[in-house]
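Please walk through this structure with me, one part at a time. Keep the sequence and the model in view as you read.

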Amino acid sequence: MAPGSEAPGVLNHSANAQASDADASIVLNRATLNKIILKEESLKQAKEKGEVTITGNQAKVDEFLSYLDSFDFWFNIVTP
């Protein structure tokens, strides 16, 4: 891999589990998450409205978000 290039990765979720040594935690409800996923609202906007609580190192949250790719909402899963 070329210097400076990112290695591919995957994000895994475990229900009702939180690492004891987490750099940061984000708390929000499903409705707010849906608005963020659908790009109806940004994480920053939701946080300013009090719909999201971030504890710990905000810089680590920003770093994590920088690793996520953006896709067109209606991308083709299977093409002819």
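Start with Lys39, which follows H1 and has a positive phi, near 60°. Helices here are DSSP runs of H or I with at least four residues, strands are E runs of at least two, and both are numbered from the N terminus. The model is predicted, so local features need pLDDT of at least 70 and side-chain atom pairs count only at pLDDT 80 or more, while totals for chains, interfaces and linings use all residues. Residues are numbered from 1 along each chain as its sequence is written, and side-chain values use heavy atoms, with hydrogens and water left out.

Now go to the other end of H1. Asn29 caps the N-terminal end of this helix. A side-chain oxygen of Asn29 lies 3.2 Å from the backbone nitrogen of Ala31.

Next comes strand E1, where Ser25 lies. Is Ser25 buried or exposed? Ser25 counts as buried, at 17% relative accessibility. Buried means under 20% relative accessible area, exposed means over 50%, and partly exposed is in between, with a 1.4 Å probe and protein chains only. The side chain of Ser25 makes a polar contact of 3.0 Å with the side chain of Gln18. A polar contact is a pair of N or O atoms within 3.5 Å; within protein, one must be able to donate a hydrogen and the other to accept it, and residues adjacent in sequence count only if both atoms are side-chain atoms. Leaving aside neighbours within four places in sequence, Ser25 is in contact with Gln18, Thr53, Ile54 and Thr55. Contact means heavy atoms within 4.5 Å.

Beyond residues up to four places away in sequence, Ile54 touches Ser25, Ile26, Leu43, Lys47 and Val61. Ile54 also belongs to the largest nonpolar core, which has five residues: Leu43, Ala46, Val52, Ile54 and Val61. Such a core is a set of buried Ala, Val, Leu, Ile, Met, Phe, Trp, Tyr and Cys residues joined through side-chain atoms within 4.5 Å. H2 and E2 are the elements that give two or more residues to this core.

Look at Leu43 in helix H2. Leu43 counts as buried because its relative accessibility is 18%. With residues up to four places away in sequence not counted, Leu43 touches Ile36, Val52, Ile54, Val61 and Leu65. Leu43 and Ala24 are 19 residues apart in sequence, and their C-alpha atoms are 15 Å apart in space.

Step back into the loop between H1 and H2, where Glu41 lies. Glu41 is buried, with a relative accessible area of 8%. A polar contact of 2.7 Å joins the side chains of Glu41 and Lys49. Glu41 also touches other residues beyond four places in sequence, including Thr32, Lys35 and Ala46.

Charged pairs come next. A salt bridge is a side-chain nitrogen of Lys or Arg within 4 Å of a carboxyl oxygen of Asp or Glu. How many salt bridges are there by this rule? The count comes to five. Glu51 forms one with Lys35, the closest N and O atoms being 3.4 Å apart. Glu51 lies in the loop between H2 and strand E2 and Lys35 lies in helix H1, so the pair ties together parts 16 residues apart in sequence. Glu51 is partly exposed at 23% relative accessibility, and Lys35 is partly exposed at 25%. Glu51 also forms a salt bridge with Lys49, with closest N and O atoms 3.5 Å apart. Lys49 counts as exposed, at 52% relative accessibility.

Helix H3 holds another pair. Lys60 forms a salt bridge with Glu63, their closest N and O atoms being 3.6 Å apart. Both lie in H3, three residues apart, about one turn of the helix. Salt bridges that share partners join Lys35, Glu41, Lys49 and Glu51 into one network.

Finish at the surface. Ile26, Leu28, Leu33, Ile37, Leu38, Phe73 and Trp74 form a nonpolar patch there, with about 710 Å² of accessible area together. Patches are made of residues with over 30% relative accessible area and no salt bridge; like charges are joined within 9 Å, and nonpolar side chains (Val, Leu, Ile, Met, Phe, Trp, Tyr) within 5 Å. Accessible areas come from the Shrake-Rupley method with a 1.4 Å probe, and for residues only the protein chains shown count as cover. Strand E1 and helix H1 each supply at least two residues of the patch. Leu38 lies in the loop between H1 and H2, and counts as partly exposed at 44% relative accessibility.
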